[in-house]
Amino acid sequence: MNETQPIGLARGLTQYGDTDFSLYLRRTFARQAGWSTEMLQRPVVGIAQSASGFNPCHRNSPELVEAVKRGVIAAGGLPLDFPSISLGESFQAPTSMKFRNLMAMDIEEMIRSQPMDAVVLVGGCDKSVPAQLMGAASADVPAIQLVVGPMLPMPYQGERLGACTDCRRFWGRFRAGAISAADIDQIEGKLAVTAGTCGVMGTASTMASIAEALGMSLPGTAAIPAVHADRIRAAEASGRRAVELALAPIRPSQVITSASVENALRVLLAIGGSTNALIHLTAIAGRRGIAVPLRWLNELSDSTPVLVDLKPTGQHYMSDLFAAGGLGAVLRELAPLLHLDCLTVVGQTLGERLAGEAPWVDRAVVRAFAEPIHPQGGLAALFGTLAPNGAIIKRSAADPRLFERTGRAVVFSSLEDLAARIDAPDLDVGADDFLVLQNAGPTSAAAMPEAGYLPIPGKLARAGIKDMVRISDARMSGTAYGTVVLHVSPEAAIGGPLGLVRQGDLIRLSVAERRIDLLVDEAELALRRAALPPPPPPPSRGYARLYQSSTLQAEHGCDFAFLRP
Ligand code: FES
């Protein structure tokens, strides 16, 4: 390493106007913690921990932090953990997405302002890994992402259940009257029963896979179940490796490159990953000045097969992917499409990593490149008069019979309007209509919640309808499924065409042509635009004000404009 740079506690001294006194004072307080003089001279590895009573997915985090510390000490470093904001997906209103950038700022500034030579980022629940990688990418201190790991599905009355594709499946059956209130109450306690993140290929599992595909996590660690002993060993190994990075830095800027982002996009497509992950990867790449245009996604999607058979698009759980060979098995199949010269945090290139791995794979979970589940990637971007800047459909989780059609719009102007009318007996809706939700985009008061998976109207659900075309500027949980067009941009709240759709308008969807068009002439749209009510006043203070004034649209990752280089 550069001998002129101070390391460990001598880094980034607090300013008192006397450098020697600053170091003396810091050591005084460091000794208050009971460390020996020898320990205080070691390189420092920070450990960003995000345990919280409001984040049950992270309940194994304290155990992992202790294992990271063990690894750091064994390798000759000084481990100092620090807390950050914790984002529990179902515990935050209006949505945890509103606070991802706040956590990213927290992570970035704590890495930068505290004396650490490397950092291990411990997180997992949906927004945590994106926030940690965004912050680390900006701080550009050597960093390793350690995920808490997926929960285990557990048997219940003859079938395995795991959050949260099964949550949605049973709730849909309850809404349709197929199971009783007593049944749904009983099942509530069986869906998420171990530590760890949602056990399907939802956003958390997708981001864990992306972190490994980018090269920011140790090889083979994305899919290790939260409760498996290998998860603890991965934590210890991450701590050990972080000390080596402290002494011979490999920075996020060397790992997160245009080539590794393309690798991560390929993996996102091949695993049938979450639509949310596209927003997050775009934001992470944006921190290094790398653009992820939606047309790039379409180019890659056309040539990347879906290989992994996990819920919500398939049958298996993340723990099955671990047993089937983990992400390495996927990367080996994709190798002809990948940039194998990308550097990873272990100091190897991706190609060197893959060359050194045992070729075990369970083909029930990870298909061969030549025998894919789908020949094209799981996500596609749509453009058209309804979404001039793009929209997303997860075609691997959608019903292909709904891909090429024109439908009548049934419009809900807000989430409140949706909740008030979706189950109304007199709602004017049929199975071939398109449900449209407005004002649920990034800068709306709703802050882009996972509401794009609009419920099937009660009377249609009871009649057996399981899927309809649904269109919004919202997001969708990675654990959800259906023919759902998301992230419509520009959003309704800033005057996008989505806000001009009226009940009964015709909308044409063509996944084959990558189009979504509002079939209303421009003169009529101009009249509607002129008649729009003025936007509500912006929030008067605090984070809400910062959020609304600074959040970019979905195609830019919903990052704050001022956080990009
Ligand atoms: Fe935490 Fe799904 S709720 S990962």
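How exposed is Asp230, in terms of relative accessible area? Asp230 is partly exposed, with a relative accessible area of 25%, where partly exposed lies between buried, under 20% relative accessible area, and exposed, over 50% (1.4 Å probe, protein chains only).

The legends below describe a predicted model, in which local features need pLDDT of at least 70 and side-chain atom pairs count only at pLDDT 80 or more, whereas totals for chains, interfaces and linings use all residues. Residues are numbered from 1 along each chain as its sequence is written, and side-chain values use heavy atoms, with hydrogens and water left out.

**View 1. The whole protein chain, with its 20 helices and 14 strands.** Helices (H or I, at least four residues) and strands (E, at least two) are DSSP runs, numbered from the N terminus. The radius of gyration, taken over C-alpha atoms, is compared with a globule rule of 2.2 Å times the number of residues to the power 0.38; a compact globule of 565 residues would come near 24 Å, and the 24 Å of the protein chain agrees with this. Along the principal axes, the C-alpha atoms fill a box of roughly 75 × 55 × 50 Å, and 59% of the 565 residues are buried. With contact meaning heavy atoms within 4.5 Å, 75% of the contacts between residues at least 6 apart in sequence join residues at least 24 apart.

**View 2. Asp230 and Arg233 within helix α9.** The side chains of these two residues meet in a salt bridge at 2.9 Å, N to O, the term requiring a side-chain nitrogen of Lys or Arg within 4 Å of a carboxyl oxygen of Asp or Glu. Both residues belong to α9 (residues 229-247) and stand three residues apart, about one turn of the helix. By this rule the count for the model comes to 36 salt bridges.

**View 3. The salt bridge between Glu450 and Lys127.** Glu450 is partly exposed, at a relative accessible area of 23%, whereas Lys127 counts as buried at 0%.

**View 4. Asp126, a buried residue without a salt bridge.** Asp126 is found in the loop between β3 (118-123) and α5 (128-139), and the nearest side chain of opposite charge, Lys127, is 4.1 Å away; here Lys and Arg count as positive and Asp and Glu as negative, with His and the chain ends not counted. Leaving aside neighbours within four places in sequence, Asp126 is in contact with Glu89, Thr203, Ala204, Met207, His280 and Glu450.

View 5. Ala222 is buried, with a relative accessible area of 4%. Beyond its neighbours within four places in sequence, Ala222 is in contact with Val147, Pro150, Ala208, Ser209, Glu212, Arg231 and Met318. Ile210, 12 residues from Ala222 in sequence, stands 8.5 Å from Ala222 in space, C-alpha to C-alpha.

**View 6. A network of salt bridges and a further pair.** Glu108, Glu109, Arg112, Arg287 and Asp559 are linked in a network of salt bridges. Glu522 forms a salt bridge with Arg529, their closest N and O atoms being 3.4 Å apart, and Arg529 is partly exposed, with a relative accessible area of 38%.
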